[in-house]
Every structure is written in C-alpha cells, then in structure tokens.
Amino acid sequence: MQQQEDGSLVNSDLDRQVAGGNGSSSSAPYIFVRSLWKVFGRNPERVLQPEFADKDKTFFQSEFGNVVGLRDVNFEVSKGETFVIMGLSGSGKSTLVRCLLRLIDPTAGEINIAGEDITKMTDKELVDFRRAKIAMVFQHYGLMPHRNVLDNASWGLEVQGVTKEERYERTRKTLDIVGLAGWENSYPRQLSGGMQQRVGLARALVVNTDILLMDEPFSGLDPLIRRQMQDELLNLQTELQKTIVFITHDLNEALKLGDHIAIMHDGAVAQIGSPEDIVLRPEDEYVGDFTQDVRLESVLTASKVMVSPKATVMGRQGPRAALHTIGESDGDVGWVVDSRGKYVGLLTIASAERALRAGVKRFDEAWDYVEREYLPVSPSTSFDSLIPIAMSSDHPIPVVDSQNALVGEVHRGALAEALAETTTVDNDYAANAAENAAIAADKESNEN
C-alpha cells in the first residue's frame, strides 16, 4: 500500500504493469512464462523463423499445414495471487494451461514454476512435481462414480501413498472447508452439480499444493450456483492464499476473481492488467470491444478512491483527546482502533461529548460510546457495494485490510467523481478508436 500526493492510498500492484507481465514485485515471480509457443503439425520449428514474424495463424495453416496454438506468450504470476486467463473458444487458453502442466509439450519457450524450469524436467521429475506442487480442478469434475465423496476427495492423497487414517482425517477437514461436511458417504449421482464441483475443489485442496490450476471449473453450472462457487472461491482464497491460475471465457467471472487478467486472442496475449486496467485502459480494439459493455461500478473498487484516515482515536485515549483529534481533522467523526491498530468502530463528536460529561477516562473501558456496528469494507470492495452504503450514511466508509487494520476511508463525493472521470476515459477511448478507424478508411481509400 502506498500514499499518493493527494493523500489517497492505493494498492501499488493495481497500478503496476510490465509489458508481457502481470506487474513487477520486489520478489521473483512464482510462475514465469517467457516466449512460449505451441505449434501443432509437422516441422513446427519453421513457424518460429524470423522471416515469418509478421504472419498470422491463417498463413501458417494454409502454407505449412501448421496450427499455431500459442504465439510468443509472456506473463508472470506472483505467489498468492489469482491470475485469470480468459478468451473465447480457440483463443489458446486451454492449450496454455495444459502447457503449464506439460500435459502437452510446448514447441519453444520457458515455463518456470517455483524456481524450476519444467520444460527441462524428466518424466519422473515431472510426475513428482505435479504431485507435490500443482493441483488441477477441471470443468467436468472427473469424479469416480463407484467412490463416495470421501474417497473421491482423498484420491490425490491415496496416490501419494498417505495412510488411510491420515488421508481420511485430512480430507474430512477439507470437506468441511468447502461446505460438504456430512456428505462423506454420498456418491456423485446423489449430488448436485455445484456439490460435485465442491468435491473436485476439495480433492485439489486436500493435497495442499501451492498452486491451483482451474480450467473453466464453473462454466457447466447454473448461473446461481456458479455465482455461489465464485464467492466460495474468493472466501477460500482470502484464507488459504493459494497461487491460482484460473481459465475462463466469461469476462464477468474474470473481473470478479482475478487480481490480474490476461486476455488471449488467436493464441497470443492481447493485454495483461488488473481488472481496472482491462476495462478502463484497453490497449487495442479487440480488448475494447470485449469490455465495452462492462458496468464500471462492478470493476472500480475502494482502493481507487480511499484516502488516509483523517481522525484516528486510540482505544486507550479519552474523550478530550478524541474531540481534539476530530476537531483537527475538520470532520465530525473519528475511527476508534485498539492498541494494534485494529478497527473497532465509529466515534461521533456527540458521543465523545457524552463520554466527557460521564467522566469516561478511556474508550476501551467504555465501548458503549463507540458505534461498533458501523462495519468497514476492504480495499477490494466494488462500487456496486460501496454506493448503497454511502447513500445510507452521512459519514465516510472505513476501509480495513485483511487483518482488520484501519487503512483508509471512502467519501461519498469521491465515488461520484471517480465514476465521472472513468466515463471521460471511456469516451476518450471511443473517440480515439473512431479517429483510428477514419484514418484506416482514408488510407484504404487512397491505396485503392
């Protein structure tokens, strides 16, 4: 988290983007892909020759009979982030995730995961790596019909040679995490689609790998169940902090789940960025068309508009100190935090004055004067959720991090200003796109 000149706090990862990468980090990326190609057909290496650098996939298919599945793909994934790869059918996203596991071998390029180049691994090293480092969640569950939920979910541990007693103990705990406690003895045919997918998720989680690869895991579910599974994944990720590579063709799903998103087109990466980058700053016409119907309120988050807390009151302080702090801030409320900086609640001037008259010495001995039900939001809370809160209160909205430490506040006016600014950005892009189209049309007319 860093502070801008205007006082606002931003998540620095949100605004960083490296060409061909997901945003720089002080530590090495956990997954590192460089110049990755996958060409199907005979003599695939000829496609990589420099003289064909400007040719498209149609040329290679018609001239050589080669199909280019991946074309010079580059990206990085930080440890603990959810990296979404999205695109339409035929864009190369499923080919990419299979290359990451080397279920298919790439034609050229580097795939470095957790410091190891998997393109150079022997078959035995690759099997050991898959068992220890990566778990996969598939679209079609892959459950064995003759096994109950407990045995299906514990299958990965069984392959690893874990004793029956230990694997059942670990699996029961994991089933509880994904909401399947009590269903251990049921069979796949007795479960709904969403419950079957939870079994698949439990099977991936129970082996406790650092990385999850999820290939369109929710695309076969009904819309309501799909949203529930997305919410479940977000909750699990907050707790477990896995490194997730998530494949989808659904832009709304990508925007909801992804810390960073790679949009693929014809085997190449068209753009990589945060959800906000993708929607507000499309780099080409393809991405612009892809995102033109996205509601900004669903993409913009509190991190864009929150500012430093203007009046923070320690719980050990009394009403005189609180009134001074609030008065210095030119506001009418302060945020009360405990000795560790954890958010407790909201304190109004009126409440502080009542506490003073009552002879209160410390607020941590008289919490009744603090509005503890005034709930905070996280930096990732969308405008969709912020706007109703802002409209129902005259006070700012407190913002806390994952440890409940107070990190900022959001003001109602800032929400309106941000939406106005992004609408201008959107209109600017449309104007530039129209101008570029006109120039291209004039050029074509002159050539003819």
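A nonpolar core is a set of buried Ala, Val, Leu, Ile, Met, Phe, Trp, Tyr and Cys residues joined through side-chain atoms within 4.5 Å. Buried means under 20% relative accessible area, exposed means over 50%, and partly exposed is in between, using a 1.4 Å probe and protein chains only. Before you click, know that this is a predicted model: local features need pLDDT of at least 70, side-chain atom pairs count only at pLDDT 80 or more, and totals for chains, interfaces and linings use all residues. Residues are numbered from 1 along each chain as its sequence is written, and side-chain values use heavy atoms, with hydrogens and water left out.

**Stop 1: the core.** Select Met86, Met214, Phe246, Ile261, Phe383 and Val410: in the largest nonpolar core, which has 61 residues, these touch the most other members. Helix H8 gives this core its largest share, seven residues. (Helices, H or I of at least four residues, and strands, E of at least two, are DSSP runs numbered from the N terminus.) Another core lies apart from it, with 30 residues, including Tyr30 and Ile118.

Now zoom in on Met214. Which residues is Met214 in contact with, leaving aside neighbours within four places in sequence? They are Val137, Leu201, Leu233, Ile244, Val245, Phe246 and Ile247, where contact means heavy atoms within 4.5 Å.

**Stop 2: the sheet.** Switch to a cartoon view and find six strands in an open sheet, in the order E8-E9-E10-E5-E11-E12, with mixed pairing. Two strands pair if DSSP finds at least two bridges between them. At the edges are E8 (134–137) and E12 (268–273), each pairing on one side only. Next, pick E5 (residues 82–86) and E11 (residues 260–265), which pair in the parallel sense over four bridges. Click Ile85 and you can look for its bridge partner in E11, Ala262.

Stop 3: Select H4 (residues 123–133), which lies across E8 and E9 (211–215) at about 75° to E8. H8 (residues 193–206) also lies across E8 and E9, but runs at about 175° to E8. Axes here are lines fitted to C-alpha atoms, for helices over the stretch in contact, and angles run from 0 to 180 degrees between N-to-C directions.

**Stop 4: Asn148.** Go to the loop between E8 and helix H5 (149–153), where Asn148 sits. Is Asn148 buried or exposed? Asn148 counts as buried because its relative accessibility is 11%. Not counting residues up to four places away in sequence, Asn148 touches Glu184, Asn185, Ser186 and Tyr187.
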